[in-house]
Amino acid sequence: MKLVSIVILSGIILLYFIDSAFKLSPFNSEMFIHSGLRFMAGFLVLGIGVFYAHKIKLKFAIWFLIALALGDDIWDYTRNVNSFNFEVMLHSIYMMLWGALTGYVLMKRWINGES
């Protein structure tokens, strides 16, 4: 579990620097929902479904994640939440990649019984 802790801790540190560089507030409800949705999508779809279990094809997973993110952005647009800018897109990509890495490492360590 040391490697999982390293991935999570380094991800939090990098997230702090990304949020500081883009002047994003990660503690408001909208950004928390965006970050959590992207992280869990990356964790489940990319990290576990594609990279670990090989049950989902990468091309399908990418199209699914794009549709999911676009649907979330359209939903925000209908509620007059402006989250469709370059900084938030980079933040979303980072959250998906961090979630994918965390999901893959966690499953690899958990299934193999390593600590």
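Four salt bridges are counted in this structure, where a salt bridge is a side-chain nitrogen of Lys or Arg within 4 Å of a carboxyl oxygen of Asp or Glu. The model is predicted, so local features need pLDDT of at least 70 and side-chain atom pairs count only at pLDDT 80 or more, while totals for chains, interfaces and linings use all residues. Residues are numbered from 1 along each chain as its sequence is written, and side-chain values use heavy atoms, with hydrogens and water left out.

**A salt bridge**
- The side chains of glutamate 30 and arginine 79 meet in a salt bridge, with 3.1 Å from N to O.
- This pair links distant parts of the chain, since glutamate 30 is in helix 2 and arginine 79 is in the loop between helix 3 and helix 4, 49 residues apart; helices here are DSSP runs (H or I, at least four residues), numbered from the N terminus.

**Helix packing**
- Helix 2 (residues 29-52) and helix 4 (residues 86-112) have axes that come within 6 Å and cross at roughly 45 degrees, the axes being lines fitted to C-alpha atoms over the stretch in contact, with angles from 0 to 180 degrees between N-to-C directions.
- Helix 2 and helix 4 are therefore oblique to each other (under 35 degrees counts as roughly parallel, over 145 as roughly antiparallel, 65 to 115 as roughly perpendicular and the rest as oblique).
- By class, the contact of helix 2 with helix 4 has 15 nonpolar, eight polar and two charged residues (Ala, Val, Leu, Ile, Met, Phe, Trp, Tyr, Cys and Pro count as nonpolar, Asp, Glu, Lys and Arg as charged, and the others, Gly among them, as polar).
- Helix 2 and helix 3 pack at an angle of about 170 degrees, with their axes 10 Å apart, which makes helix 2 roughly antiparallel to helix 3.

**Surface patch**
- Phe51, Leu58, Ile62, Trp63 and Ile66 form a nonpolar patch on the surface, with about 500 Å² of accessible area together (Shrake-Rupley method, 1.4 Å probe, only the protein chains shown counting as cover for residues).
- Such patches are made of residues with over 30% relative accessible area and no salt bridge, like charges being joined within 9 Å and nonpolar side chains (Val, Leu, Ile, Met, Phe, Trp, Tyr) within 5 Å.
- Helix 3 (residues 58-78) gives the largest share of the nonpolar patch, four residues.

Definitions and conventions: Helix = DSSP H or I, 4+ residues; strand = E, 2+ residues; numbered from the N terminus.
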